[in-house]
Amino acid sequence: MSWVRTAAGATRRALPFLLRGFPSSVVALVLLIRVLLVAAFTLVGIGWLAIPSTVRSVRRWAGRERRRIAAFTGRPVPAPYDPPGRDDPATRTRTLLADPATWRDLGWVLIHGLTGLVAGLLAPVLPLGAVNAAVVPLYWKAMPADDPVEAPYAVTSWLGALGMVPITVGWLILTLVVVPLLAGWQARVGRRLLRPTRDVRLSERVTELTATRAAALEAHGAELRRIERDLHDGTQNRLVGVIMHLGIAERALRRDPESALPLLLRAQDQAADALGELRDVVRSIYPPVLAERGLDGALAALAARCAVPCTLRVDGLRRLPAALEAAAYFVVAEALTNTAKHSGAEHAEVTVSLRPPADPDDEEALVIEVRDDGHGGADESGGGSGLAGIRRRVAAFDGHTDLASPHGGPTVVRAVIPCAS
């Protein structure tokens with residue numbers, strides 16, 4: 001039964017995707033015909049002027065397909081194009097034709113224009129076949145004797161009508177198996193053709209790593225300044241107070257030993273406070289609960305201590321590198337602190353999961369989502385919000401952070417951290 005539920009859920013998601021792919025494939029087929037006509041006219045020397053507009057049309061439709069695939073898979077498909085230059089028309093045409101992304105788009109137009117029609121027609125035929133076979137026993141009797149129901153054989157008796165039951169089951173099984181497979185294949189092919197090439201991804205990766213290195217240095221510097229500030233403003237002042245009271249107690253012992261005891265007790269209290277603050281600073285560097293209970297246990301403790309009732313959902317989490325677990329812990333801690341201080345929420349929800357790679361070129365990622373039902377309107381640029389700190393901490397691991405907080409709520413903070421970082 002679990003397989004049936006899983007397959008039914010996948011089919012419910014895949015069927016609209018394939019149905020929307022049908023008109024998309026019709027447009028792709030029209031674009032394919034246009035491309036062939038422009039290519040034919042170019043051979044005789046009069047089609048060059050139409051190449052830029054044709055390429056722009058293909059790119060616009062490919063952009064719509066990227067958004068459709070991203071909505072289905074939950075993973076964005078970045079565009080592979082360079083910003084347009086200000087060259088003359090002839091140079092611009094040569095640049096477009098030399099761009100590998102142009103030819104990959106044309107390959108997608110060819111494949112999607114031919115296969116999307118078939119997938120878009122087959123997707124509704126399978127469930128409709130199951131519905132038709134299921135209702136045959138309800139209306140076969142009303143059909144004329146000389147024109148019986150043909151589905152797929154002539155139904156002329158109740159025994160023949162009952163034979164529709166296994167056929168209905170067969171149609172349902174085909175629907176649950178074929179529709180998700182078709183949708184997955186269409187999404188994979190589209191994603192592979194429409195995303196940047198390996199060379200472009202390597203170039204973008206170098207740019208990202210440069211930005212990540214700068215973010216890591218900035219986050220490291222901010223963390224060092226925070227630790228120094230905590231030690232200077234808190235622990236150091238407490239220790240200065242301890243030394244001062246011990247000096248006063250020393251002089252009191254020489255003059256009036258009985259008056260030295262309150263001073264020693266006060267120095268002892270301040271030493272205990274200094275030790276507590278020092279422990280807090282140490283915990284802010286790497287919480288011991290992470291080493292003792294792992295990330296899931298540490299997050300459970302955070303959720304239990306949250307001032308707002310909080311629900312924690314953990315999916316497929318395992319032990320990760322210590323630095324990555326510490327980053328995830330502080331992301332959740334800071335987000336829940338913001339929720340308690342600023343959101344006016346009555347409930348918060350934390351979801352942490354490991355996202356498997358979509359294809360061999362991707363990598364596993366830790367996905368953190370903190371949602372609350374507060375009044376929204378969170379502003380990352382606001383002083384003391386902590387959201388900028390979350391973004392810096394995540395960026396240091398080559399991850400990215402998204403904030404959605406419309407006025408009226410809800411507020412959703414979503415961080416994605418690659419596990420290979």
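**Close-up views of a predicted model**

**View 1. Crossing of helices H2 and H6.** In this predicted model, the axes of helix H2 (residues 51–73) and helix H6 (residues 164–194) come within 10 Å and cross at roughly 130°. The two helices, H2 and H6, are therefore oblique to each other, and H2 passes H6 in a left-handed crossing. On the H2 side the contact is made by Ala62, Glu65, Arg66, Arg68, Ile69, Phe72 and Thr73, which meet Ala183, Gln186, Ala187, Gly190, Arg191 and Leu194 of H6. Sorted by class, this contact of H2 with H6 has six nonpolar, three polar and four charged residues.

View 2. Ser57, which has its place in helix H2, is buried, with a relative accessible area of 12%. When its neighbours within four places in sequence are left aside, Ser57 is in contact with Leu31 and Arg34.

**View 3. The five-stranded open sheet.** The strands of this open sheet follow the order E3-E4-E5-E7-E6, with mixed pairing. Strand E3 (310–315) and strand E6 (400–404) stand at the edges and have a single partner strand each, so one side of each is left without a neighbour in the sheet. From one strand to the next, the twist averages 10°. Strand E4 (residues 348–355) and strand E5 (residues 365–372) run antiparallel and are joined by eight bridges; Arg371 in E5 is the bridge partner of Glu349.

**View 4. Helices H10 and H11 on the sheet.** Helix H10 (residues 322–343) packs on the sheet, where it touches E3, E4, E5 and strand E7 (411–418), and its direction makes about 10° with that of E5. Helix H11 (residues 387–395) lies across E6 and E7 and runs at about 155° to E6.

Notes. Residues are numbered from 1 along each chain as its sequence is written. This is a predicted model: local features need pLDDT of at least 70, side-chain atom pairs count only at pLDDT 80 or more; totals for chains, interfaces and linings use all residues. Side-chain values use heavy atoms; hydrogens and water are left out. Axes are lines fitted to C-alpha atoms, for helices over the stretch in contact, and angles run from 0 to 180 degrees between N-to-C directions. Helices (H or I, at least four residues) and strands (E, at least two) are DSSP runs, numbered from the N terminus. Angles under 35 degrees count as roughly parallel, over 145 as roughly antiparallel, 65 to 115 as roughly perpendicular and the rest as oblique. A crossing is left-handed if the near helix is turned anticlockwise from the far one by less than a right angle, and right-handed if clockwise. Contact means heavy atoms within 4.5 Å. Ala, Val, Leu, Ile, Met, Phe, Trp, Tyr, Cys and Pro count as nonpolar, Asp, Glu, Lys and Arg as charged, and the others, Gly among them, as polar. Buried means under 20% relative accessible area, exposed over 50%, partly exposed in between (1.4 Å probe, protein chains only). Two strands pair if DSSP finds at least two bridges between them.
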